[in-house]
Amino acid sequence: MAFLDFEKPLYELEERIHKLKKVAASHADVGADLEKLEQKAQKLQKRIYADLNVWQKVQLSRHPDRPYFRDYLDRIFTDFQELHGDRRFSDDPAIIAGFGRFNDQHVAIIGQQKGRSTKQKVYRNFGMAHPEGYRKACRIMELANRFSRPIFTFIDTPGAYPGIGAEERGQSEAIGHSLIVMASLEVPIIATVIGEGGSGGALALGVANRILMLEFATYSVITPEGCASILWRDGARAPDAAEQLKLRAPEVQGLGLVDEVITEPAGGAHRDLRATATSLKHSLAQHLSELKKLDANALREQRYQKFRAMGQFENKA
């Protein structure tokens with residue numbers, strides 16, 4: 001397991017526990033020492049993660065071992081059939097989209113996917129979609145709307161890809177069109193921020209009736225590095241920018257931008273993927289059950305009013 005700088009003491013202790021377990025089978029007298037170390041590791045884990053600063057939580061949302069969309073897809077949904085391509089240019093591996101079952105109900109599933117190995121990261125473009133990725137997502141959402149299938153989206157991207165090719169093919173138009181499509185759909189839409197929720201690349205999949213967010217995920221108009229580069233022309237001041245962006249889950253919920261923050265296991269989702277997936281599935285089922293009681297017009301109106309209510313304004317006339 002990879003570890004961040006602030007996790008190093010815990011990592012070293014877990015390494016000792018791992019080595020001790022290897023000899024525990026043949027040396028019964030190490031059992032007491034092993035139990036003490038495990039108890040110490042549990043206490044250290046709680047202490048470390050209960051006292052993280054903003055920048056450390058940003059790092060945790062990008063943890064190399066943090067579960068990605070595909071990890072949740074395999075544990076929450078069944079019978080998934082991926083559909084490829086936007087019918088205009090090409091397929092974009094940074095977004096996975098298709099249809100499957102959620103608790104035996106047919107649904108549409110769309111998520112931004114990062115890669116773990118260098119080869120996978122390049123293939124998935126680090127989770128940064130091109131215009132064809134968003135157009136593919138719109139194609140699936142429009143199909144879902146036609147056949148009355150609820151839609152689940154999963155957000156995990158530092159932002160839409162800003163390359164020349166993406167801009168030439170209409171990146172901003174593709175994102176804008178995705179916002180329009182999601183606002184007009186007549187089926188329940190539930191979006192979940194599972195890692196990084198950055199910029200318009202995240203919002204393009206986030207116009208939903210319900211927006212959920214994992215405890216150590218982040219959601220912001222821009223990455224801390226990008227913000228620091230603009231404000232101070234110094235990307236190294238990203239920790240300062242992170243403090244100002246209010247991008248942590250409780251802060252985002254306090255601003256009224258998300259409906260529920262899903263608690264992660266101590267140490268983050270990568271410490272217990274099964275428990276995180278179970279909690280997420282339970283929340284998704286609950287919200288879907290509530291939204292299914294609304295008709296098509298009510299779903300659109302609820303979505304419209306939800307986003308109209310975001311933000312605070314002062315009249316100083």
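The exercises below concern a predicted model of a protein chain.

**Exercise 1. Overall form**

Find how many helices and strands the chain has, and decide why the chain counts as being as compact as a globular protein of its length.

Solution. 
- Step 1: The chain contains 14 helices and 8 strands.
- Step 2: For 317 residues the globule rule gives 20 Å, and the radius of gyration of the chain is 21 Å.
- Step 3: Along the principal axes, the C-alpha atoms fill a box of roughly 65 × 50 × 40 Å.

**Exercise 2. Burial, contacts and surface**

Solution. 

**Exercise 3. One histidine**

Locate His287 among the helices, decide whether His287 is buried or exposed, and list its contacts beyond its neighbours in sequence.

Solution. 
- Step 1: His287 is part of helix H13, which covers residues 273-291.
- Step 2: The relative accessibility of His287 is 9%, and the cut-off for buried is under 20%.
- Step 3: His287 therefore counts as buried.
- Step 4: With neighbours within four places in sequence left aside, His287 touches Ile190, Arg210, Leu212 and Glu260.

**Exercise 4. The largest cavity**

Describe the largest cavity by its volume, its lining and the elements that supply the lining.

Solution. 
- Step 1: There are 2 cavities of 30 Å³ or more, and the largest cavity holds about 80 Å³ of space.
- Step 2: Its lining has 14 residues, with Glu196, Gly197, Thr218, Thr223 and Pro224 nearest the centre.
- Step 3: At least two lining residues come from each of helix H3 (54-61), strand S5 (189-198) and strand S7 (218-220).
- Step 4: Sorted by class, the lining has 6 nonpolar, 6 polar and 2 charged residues.

**Exercise 5. The largest pocket**

Describe the largest pocket by volume, and say which element gives the largest share of its lining.

Solution. 
- Step 1: The volume of the largest pocket is about 300 Å³.
- Step 2: Among its 13 lining residues, Leu203, Tyr219, Ser220, Val221 and Leu257 are closest to the centre.
- Step 3: Helix H9 (199-203) and S7 each supply at least two lining residues, and H9 gives the largest share, 3 residues.
- Step 4: The classes in this lining are 9 nonpolar, 3 polar and 1 charged.

Methods
Residues numbered from 1 in each chain as written. Predicted model: local features only at pLDDT ≥ 70, side-chain atom pairs only at ≥ 80, totals over all residues. Heavy atoms only, no water. 1 Å grid on protein atoms, 1.4 Å probe; cavity = no way out; pocket = protein on both sides within 12 Å on 5 of 7 lines; lining within 4 Å. Points joined across faces, edges and corners; volume = space filled by probe spheres on them. Helix = DSSP H or I, 4+ residues; strand = E, 2+ residues; numbered from the N terminus. Nonpolar A, V, L, I, M, F, W, Y, C, P; charged D, E, K, R; others polar. Buried < 20%, exposed > 50% of the residue type's maximum accessible area, 1.4 Å probe, protein only. Contact = heavy atoms within 4.5 Å. Rg over C-alpha atoms; globule rule 2.2 N^0.38 Å.
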